[in-house]
Amino acid sequence: MKREALFEAVLDKYQVEPDYPWQKLSDYAVLRHRFKKKWFALVYRIEPEKLGLPGEGSLEAMNVKVQPELLGSLRMQPGILPAYHMNKEHWVTVLLETVPAEDILSLIDESYRLTR
């Protein structure tokens with residue numbers, strides 16, 4: 001799933017547009033609840049080695065909150081890793097170009113619900 005398609009789906013469902021809070025990390029987009037402003041996703045580009053993966057270039061990734069009891073089974077799926085730079089007991093990193101779009105949207109829905 002491309003970043004733009006993800007943002008369009010989130011805008012359509014939750015009326016939320018990405019927020020870019022960091023000048024030095026200008027491609028890091030935060031998706032926040034409209035009124036509480038609490039994060040439910042972080043979308044960013046990252047080098048594979050920072051995630052413990054081989055390869056060059058960069059990957060499109062997203063961090064979302066998940067139920068702790070689902071972490072083990074989620075991390076067994078291709079493209080779902082321990083969260084980069086966030087609490088690994090509650091968040092996972094999802095590789096946007098690896099995980100099917102319907103699974104990504106389902107994880108967004110769950111993260112939105114868990115962060116309400």
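**Exercise 1. The hairpin**

Task: Find how strands β1 and β2 pair, and over how many bridges.

Solution: 
- Step 1. Strand β1 covers residues 29–32 and strand β2 covers residues 39–46; they pair in the antiparallel sense over four bridges. Strands (E, at least two residues) and helices (H or I, at least four residues) are DSSP runs, numbered from the N terminus. Two strands pair if DSSP finds at least two bridges between them.
- Step 2. Take Leu31: its bridge partner in β2 is Ala41.
- Step 3. Look at the turn. β1 and β2 form a hairpin with six residues between them. Lys37, in the turn, has a positive phi of about 70°.

Before going on, note what you are working with. This is a predicted model, where local features need pLDDT of at least 70 and side-chain atom pairs count only at pLDDT 80 or more, while totals for chains, interfaces and linings use all residues. Residues are numbered from 1 along each chain as its sequence is written, and side-chain values use heavy atoms, with hydrogens and water left out.

**Exercise 2. The sheet and its helices**

Task: Give the order of the strands in the open sheet. Then place α1 and α3 on the strands.

Solution: 
- Step 1. Five strands form the open sheet, in the order β1-β2-β3-β5-β4, with antiparallel pairing.
- Step 2. Find the edges. These are β1 and β4 (80–82), and each pairs on one side only.
- Step 3. From one strand to the next, it averages 25°. Angles run from 0 to 180 degrees between N-to-C directions; axes are lines fitted to C-alpha atoms, for helices over the stretch in contact.
- Step 4. Check one pair. β3 and strand β5 (residues 91–95) run antiparallel, joined by five bridges. Met62 has Val94 as its bridge partner in β5.
- Step 5. Place the helices. α1 lies across β1, β2 and β3, and runs at about 170° to β2. α3 packs on the sheet and touches β1, β2, β3, β4 and β5. The direction of α3 makes about 35° with that of β3. Contact means heavy atoms within 4.5 Å.

**Exercise 3. Salt bridges**

Task: Which parts does the salt bridge between Glu60 and Arg3 tie together?

Solution: 
- Step 1. Apply the rule: a side-chain nitrogen of Lys or Arg lies within 4 Å of a carboxyl oxygen of Asp or Glu. The count comes to six salt bridges.
- Step 2. Glu60 and Arg3 meet at 3.1 Å, N to O. Glu60 lies in strand β3 (residues 59–65) and Arg3 in helix α1 (residues 3–14), so the pair ties together parts 57 residues apart in sequence.
- Step 3. Both Glu60 and Arg3 are buried. Buried means under 20% relative accessible area, exposed over 50%, and partly exposed in between (1.4 Å probe, protein chains only).
- Step 4. In the salt bridge of Arg32 with Asp19, the closest N and O atoms are 2.8 Å apart.
- Step 5. Look for a network. Salt bridges link Arg3, Arg45 and Glu60.

**Exercise 4. Thr115**

Task: Is Thr115 buried or exposed? Which side chain does the side chain of Thr115 join by a polar contact of 2.6 Å?

Solution: 
- Step 1. Thr115 lies in the segment after α3 (101–114).
- Step 2. Thr115 counts as buried because its relative accessibility is 1%.
- Step 3. The polar contact is with the side chain of His33. A polar contact is a pair of N or O atoms within 3.5 Å; within protein, one must be able to donate a hydrogen and the other to accept it, and residues adjacent in sequence count only if both atoms are side-chain atoms.
- Step 4. A polar atom of the Thr115 side chain also lies 2.8 Å from the backbone oxygen of Ser111.
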